[in-house]
Amino acid sequence: MGTLVAWHYPTALFADQADHTYVACGNGGKAWSCWGGKTGGNPLRSAPGSTLRADAIAEPNERANIKCYLVNGVCHQAANRILLPAGITVRGVRGYWLSEALYGTYGRPRGFLGFCEAPFHQHSGISGDLPQCAEAAGGPPAPMPLAAAEAEPEPPGMASYLSQVNSLYAQAGAPGGGGAFALDAEEAGAFQLRLFGLLTDFKLGEEYRQTSGGEALMAARGDFEQRRDEVERAFFYRETGVGEFVAAYNELMIDFQRQSAEILPENGFRALLAESPETPVVLGDPEVARLAYPEA
Amino acid sequence: MSADRPPDSPRPDLGHGPRLTDEEYDRRVVGLHEGRPPMPSREEDRALRRAELELAIDHRLGRDFPAARRERLWQVLEQVERRRLRLVGRYLLGRLFTREKGPAKSANRLAGWMVDHFADVLDPRELESFFELGGAEPRLPVDVEAPPEED
């Protein structure tokens with residue numbers, strides 16, 4: 001039987017506060033990314049287990065069906081699912097007890113309104129090992145080739161865009177700044193607008209924001225952010241029920257997409273939102289939501 | 001977090017009786033889930049979450065930790081689960097507008113809310129033993145794309 005190894009390394013943001021985790025087989029012939037990187041770091045623990053079963057649990061995208069990141073779980077829960085055949089977990093990495101309290105050992109399978117359902121398929125009938133994990137070797141896993149889906153060429157400007165997004169988060173997370181995730185509502189809204197500005201620059205070109213259309217688009221996004229905060233706050237503090245929340249969210253999303261469709265040419269709309277202006281994305285049906293989640 | 005306590009090292013005595021060892025905790029938590037259906041019913045899911053909490057308390061606080069305080073922690077987690085479901089909206093919006101991986105701000109806010117409410121039930125030593133935050137803000141791993149540069 002092969003060996004499954006839990007690996008971990010500090011995340012770049014908020015280093016020393018939470019670790020990323022991933023799983024590899026003992027000889028490094030195969031690793032599963034668990035929503036993040038799958039090279040480097042340090043081994044945490046290992047145990048014998050079927051690598052073939054681990055691979056089936058991981059699924060081709062290597063996320064072990066933790067479908068919505070930070071909703072069903074994080075990398076810790078994805079890694080734990082893949083480690084099930086070895087009977088070990090990533091217990092002990094930084095941030096683990098927090099994520100475990102929030103999402104459980106193997107993630108939360110239930111979603112909302114049919115979104116983010118994350119069943120844990122254990123594949124208990126599978127045994128044996130992947131050919132690439134069967135060879136005796138040793139040491140840390142070698143760099144893995146990217147999966148086919150990930151190996152598609154990056155669109156031009158992607159690296160620069162991601163770098164700017166990371167810089168924005170890093171600035172917000174600078175010492176004394178409280179972190180991007182500790183911002184008050186007004187700061188958080190401004191932060192989201194800056195992120196959207198970067199996305200606009202990337203998708204529509206840096207010059208677009210200087211045009212009247214660009215200014216109108218940013219104004220629409222700012223308006224959305226302000227109204228979204230009101231809707232979410234009311235729901236968070238139970239001032240509104242689930243039906244009102246979904247209806248209000250739907251209205252906000254449709255309104256923003258309608259405004260964007262008025263501002264942008266169709267190809268610009270598709271480039272920015274990756275959707276068709278004729279079929280706006282909405283959250284769900286309030287009536288279905290009331291039936292499905294009467295206690296929410 | 002666990003920075004000050006290497007994995008598998010002893011824990012301080014909190015006066016709530018013996019605790020599950022790390023290895024015993026692993027065995028029990030894995031056994032709790034092994035063979036379960038992929039999507040449990042709502043009641044099964046609730047029972048599983050409660051059993052997980054009981055194991056976590058036995059492991060990090062002590063097996064004699066009072067039942068009334070266990071119940072109060074459970075009530076916090078029940079609220080956490082309801083609030084977690086509301087993250088779905090933020091997830092969808094994030095995908096639409098920013099291509100973010102997940103609703104990081106809201107999830108971290110929820111994590112902070114959970115720790116704050118656990119602190120209403122646990123004293124500081126108990127809270128540290130349960131979460132191992134080491135004085136740091138509660139943070140989830142939200143930036144997991146690549147390992148940091150080697151020194």
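User: What makes Arg60(B) count as lying over the face of Trp97(A)?

Analyst: In this predicted model, Arg60(B) lies 3.5 Å from the ring centre of Trp97(A), over the face of the ring.

User: Over the face of which other ring does Arg60(B) lie?

Analyst: Arg60(B) lies over the face of Phe130(B), at 4.4 Å from the ring centre. This distance too is within 6 Å.

User: Why is Phe130(B) called buried?

Analyst: Its relative accessibility is 2%. Buried requires a value under 20%, and therefore Phe130(B) counts as buried.

User: What makes the pair of Phe130(B) and Phe131(B) edge-to-face?

Analyst: The planes of Phe130(B) and Phe131(B) stand at 75 degrees, with 5.0 Å centre to centre.

User: How many aromatic pairs are found over all chains?

Analyst: The search of the whole structure gives nine.

User: Why is the pair of Trp7(A) and Tyr22(A) called stacked?

Analyst: The ring centres of Trp7(A) and Tyr22(A) are 6.1 Å apart and the planes are at 15 degrees. The angle is under 30 degrees, so the pair is stacked.

User: Which parts of the chain does this pair link?

Analyst: Trp7(A) belongs to strand β1 (residues 3–10) of chain A and Tyr22(A) to strand β2 (residues 19–25) of chain A, 15 residues apart. Both Trp7(A) and Tyr22(A) are buried. Ring pairs also join Trp7(A), Tyr9(A) and Tyr22(A) into a cluster.

Methods: Residues numbered from 1 in each chain as written. Chains lettered and ligands numbered in written order. Predicted model: local features only at pLDDT ≥ 70, side-chain atom pairs only at ≥ 80, totals over all residues. Heavy atoms only, no water. Phe/Tyr/Trp six-rings, centres within 6.5 Å; stacked < 30°, edge-to-face > 60°. Helix = DSSP H or I, 4+ residues; strand = E, 2+ residues; numbered from the N terminus. Buried < 20%, exposed > 50% of the residue type's maximum accessible area, 1.4 Å probe, protein only. Lys NZ or Arg CZ within 6 Å of the ring centre and 35° of its normal.
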